[in-house]
Amino acid sequence: MNIPMLLLHPHQRCLLRLAPFCRHHFAVHSSTHLGSGIPCALPLKYLGPHCTERMLLSNGLRRTLCVQAPLKDNTEALSDKEQRFVDKLYTGLIHGQRACLAEAITLVESTHTRKKELAQVLLQRVLVYHREQERLNRGKPLAFRVGLSGPPGAGKSTFIDYFGKMLTEKGHKLSVLAVDPSSCTSGGSLLGDKTRMTELSRDMNAYIRPSPTSGTLGGVTRTTNEAILLCEGGGYDIILIETVGVGQSEFAVADMVDMFVLLLPPAGGDELQGIKRGIIEMADLVVITKSDGDLIVPARRIQAEYVSALKLLRKRSEVWRPKVIRISTRSGEGISEMWILMRKFQDLMLASGELTTKRQKQQKVWMWNLIQENVLEHFKTHPAVREQIPLMERKRVFLLRSQKQRKLRGREKTIHCQVAALSPCSLNCWRKQKPE
């Protein structure tokens with residue numbers, strides 16, 4: 001989703017124009033209320049007739065320039081072929097067609113300029129539909145969003161295969177957004193998480209979508225929020241987001257989900273590494289996997305250690321304390337109890353109003369991520385800046401080389417002084433042996 005897609009409301013809009021670097025418009029709602037859990041968004045030119053325009057120049061924010069500027073409808077910028085394409089995706093998506101959902105996520109993930117614009121139009125329509133469905137649902141969220149994270153080898157994909165089948169057998173529609181790391185050299189991604197979900201991938205009530213990180217940090221992709229929205233628009237009531245194998249500081253998924261579940265293997269070296277401030281602080285549920293066979297004893301020991309350690313962490317919720325449980329996907333032990341705990345968490349958070357507050361905070365994080373991403377993109381693609389980037393890069397390389405040469409000369413001078421301090425004879429020998 002782009003910066004032009006923020007906060008759909010019929011009043012109190014403020015338009016900011018960034019100049020002189022770019023002429024990209026975006027709207028930010030001036031009130032603090034963010035709606036029902038999703039930032040309702042659309043391109044600025046598609047807003048209603050009441051807007052206030054301001055100019056942001058190098059000398060600061062100027063005064064109001066105009067009020068009540070009429071803006072065009074969102075479909076006027078599309079050709080007939082593009083309009084039919086968007087209509088087909090939207091109609092198929094809301095009717096639960098998996099092919100349309102897959103094509104919609106591909107469109108959102110695209111970096112092509114025109115496809116980004118088509119994705120904005122599609123997301124706008126899905127957002128309006130999503131808000132209407134939430135209104136019919138008496139303001140309650142349409143789906144339960146769960147983030148699953150953990151170190152490599154924790155058994156995340158195997159767990160999802162077993163857990164997902166249990167959910168679909170209970171009548172739920174499940175969507176799995178599996179994130180796979182991209183190569184730092186070739187940029188490619190294996191996208192092999194789906195191969196570990198052999199049973200779930202054949203279930204028609206489950207949809208599995210592997211996506212590459214494409215250089216995005218935090219364990220998720222650049223468009224994970226948009227993919228969640230499209231899955232909810234497609235009628236899926238449980239969304240599982242499986243991150244890449246992460247470390248202590250990679251917990252971006254916690255700002256996208258209702259419940260953050262951390263999966264840990266029972267034999268991962270120093271068991272207390274995760275207790276350091278970081279990802280463990282964000283976990284609502286800690287799950288010790290592979291608790292079977294010879295690993296039952298170490299799994300129990302780690303469970304006891306984490307139960308004690310979590311008591312030392314600051315309380316983040318008034319109605320929920322993080323739990324630590326053991327499960328086994330081989331025997332199925334603990335997985336049904338885990339689902340009961342997850343539903344209890346959802347009910348408590350909904351009843352207390354903390355879930356609504358949490359989603360509102362997540363909207364703000366999403367908004368600022370969009371702003372940072374798009375301001376940087378438009379800055380780098382501006383003609384004046386694009387011409388200067390190669391010159392600045394060459395200048396930076398020259399400065400680095402100069403600094404390196406100065407360091408070498410300083411090091412040589414230090415050695416010279418050390419040798420001179422020994423004796424004049426040693427200095428003469430050193431000069432004779434020194435290469436030209």
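1. Arg138 lies in the loop between H3 and strand S6 (144-150); helices (H or I, at least four residues) and strands (E, at least two) are DSSP runs, numbered from the N terminus. Arg138 is not a glycine, yet its phi is positive, about 60°. Its relative accessibility is 78%, so Arg138 counts as exposed. The cut-offs are under 20% relative accessible area for buried, over 50% for exposed, and partly exposed in between (1.4 Å probe, protein chains only).

2. On the source: this is a predicted model, in which local features need pLDDT of at least 70 and side-chain atom pairs count only at pLDDT 80 or more, while totals for chains, interfaces and linings use all residues. Residues are numbered from 1 along each chain as its sequence is written, and side-chain values use heavy atoms, with hydrogens and water left out.

3. Lys290 also has a positive phi, of about 60°, although it is not a glycine. Lys290 sits in the loop between strand S11 (285-288) and H7. With a relative accessible area of 35%, Lys290 is partly exposed.

4. Helix H7 (residues 296-310) contains Gln303. Gln303 is buried, at a relative accessible area of 19%. Leaving aside residues up to four places away in sequence, Gln303 touches Ile288, Val324, Ile325 and Arg326; contact means heavy atoms within 4.5 Å.

5. The axes of helix H2 (residues 98-109) and helix H5 (residues 224-233) come within 10 Å and cross at roughly 160°. Axes here are lines fitted to C-alpha atoms, for helices over the stretch in contact, and angles run from 0 to 180 degrees between N-to-C directions. H2 and H5 are therefore roughly antiparallel to each other: angles under 35 degrees count as roughly parallel, over 145 as roughly antiparallel, 65 to 115 as roughly perpendicular and the rest as oblique. The H2 and H5 crossing is right-handed; a crossing is right-handed if the near helix is turned clockwise from the far one by less than a right angle, and left-handed if anticlockwise. On the H2 side the contact involves Leu101, Ala104, Ile105 and Val108, which meet Glu226, Ala227, Leu230 and Cys231 in H5.

6. How many of the ten residues of H5 are buried? Ten of the ten are, so H5 is largely enclosed by the rest of the structure. After H5 comes Gly235, with a positive phi near 95°.

7. H2 also packs against H3, at an angle of about 130° and with the axes 8 Å apart. That makes H2 oblique to H3. The contact is made by Ala104, Leu107 and Val108 of H2 with Lys115, Leu118, Ala119, Leu122 and Leu123 of H3. The H2 and H3 crossing is left-handed.

8. H1 and H3 pack at an angle of about 40°, their axes 10 Å apart. That makes H1 oblique to H3. Their crossing is right-handed. Among the H1 residues in the contact are Phe85, Val86, Leu89, Tyr90 and Leu93, and those they meet in H3 include Leu118, Leu122, Arg125 and Tyr129.

9. A search of the whole structure finds five aromatic pairs. Among them, Tyr90 and Tyr129 pair edge-to-face, at 6.4 Å centre to centre with 90° between the planes. Rings of Phe, Tyr and Trp (its six-membered ring) pair if their centres lie within 6.5 Å; planes under 30 degrees apart count as stacked, over 60 as edge-to-face and the rest as tilted. Tyr90 is in helix H1 (residues 80-94) and Tyr129 in helix H3 (residues 113-136), so the pair ties together parts that are 39 residues apart in sequence. Tyr90 is buried at 14% relative accessible area, whereas Tyr129 is partly exposed at 22%.

10. Phe163 and Trp339 form another edge-to-face pair, 5.9 Å centre to centre and 65° between the planes. This pair links distant parts of the chain, with Phe163 in helix H4 (residues 156-169) and Trp339 in helix H8 (residues 335-352), 176 residues apart. Both residues, Phe163 and Trp339, are buried.

11. Two charges over rings remain to be noted. Arg125 lies over the face of Tyr90, 4.3 Å from the ring centre. The charged end of Lys323 sits over the ring of Trp320, 3.9 Å from its centre. The criterion is NZ of Lys or CZ of Arg within 6 Å of the ring centre and within 35 degrees of the ring normal.
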